[in-house]
Amino acid sequence: MARTKGNRSGGTPATVALDRAGVAYTPRSYVHDPAVASYGMEAAQALDVEPARVLKTLLVRVDGALAVGVVPVDRQLDLKAVAAALGGKRAELADPKDAERSTGYVVGGISPIGQRTSLRTVVDDSAQAYDTVLVSGGRRGFDIELAPCDLAAATGATYAAIARR
C-alpha cells in the first residue's frame with residue numbers, strides 16, 4: 001500500500017493525520033458528479049470497488065452528544081445499534097450543519113479521520129472481513145484505502161454490528 005509522507009500540497013486533514021501517524025494508505029481519486037444522489041455508491045462505482053468495502057461516515061447524536069457511525073455504503077446505519085454500541089439509549093442522525101461544523105468537512109466528503117473535533121466512533125464490524133476498506137479522504141471525489149485495523153486506530157474506533165440492509 002502506498003503512503004504519502006508529510007504535508008503535501010492538496011492534502012486533507014485526513015491524509016495529514018495519517019501521514020503524521022505513519023499509517024499506510026492509498027489515495028483514490030475519481031471525478032465527482034455534483035448531481036449524484038449517493039456519494040458512497042458513486043465512489044464504489046467510479047473506483048470499481050464492491051460497495052461493502054466502501055464506508056460512509058455518518059454523524060449521530062447519541063443521548064444528545066455527537067458521535068460517528070461508519071457503515072458500508074450499501075447499508076443503512078441502525079440507530080438503535082449505534083446507540084447501544086456507545087452505551088446510550090437513543091440516537092438520531094445529526095443535522096448536516098452540525099456535522100460540517102464539528103468535523104470541518106462538507107457533507108459528502110466527511111472523513112472519519114482528521115476531524116476538527118475528536119468524537120467517539122463506531123465502525124460496522126463487517127469492515128473486518130476485508131484486507132482494506134475505503135473511506136472519504138476529506139473531500140468529494142477523494143477516498144482513502146487502508147486496512148480496517150488502521151482505520152480503527154486512526155479514529156480510536158470500536159467495532160460493532162451497527163449496519164442494516
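Of the 165 residues of the protein, 48% count as buried, a term that here stands for under 20% relative accessible area with a 1.4 Å probe and protein chains only. The model is a predicted one, in which local features need pLDDT of at least 70 and side-chain atom pairs count only at pLDDT 80 or more, while totals for chains, interfaces and linings use all residues. Residues are numbered from 1 along each chain as its sequence is written, and side-chain values use heavy atoms, with hydrogens and water left out.

The protein has five helices and 10 strands, assigned as DSSP runs (H or I of at least four residues for helices, E of at least two for strands) and numbered from the N terminus. Its radius of gyration is 14 Å, close to the 15 Å that the globule rule gives for 165 residues, so the protein is as compact as a globular protein of that length; the radius is taken over C-alpha atoms, and the rule is 2.2 Å times the number of residues to the power 0.38.

Helix α1, residues 13–21, shows how burial looks locally, for A14, T15, V16, L18 and D19 are buried there. The cover over these buried residues of α1 includes β7, β8 and α5 (148–155), where contact means heavy atoms within 4.5 Å. After α1 comes G22, which has a positive phi, near 70°.

Among contacts in the protein between residues at least 6 apart in sequence, 60% join residues at least 24 apart.

Definitions and conventions:
Buried means under 20% relative accessible area, exposed over 50%, partly exposed in between (1.4 Å probe, protein chains only).
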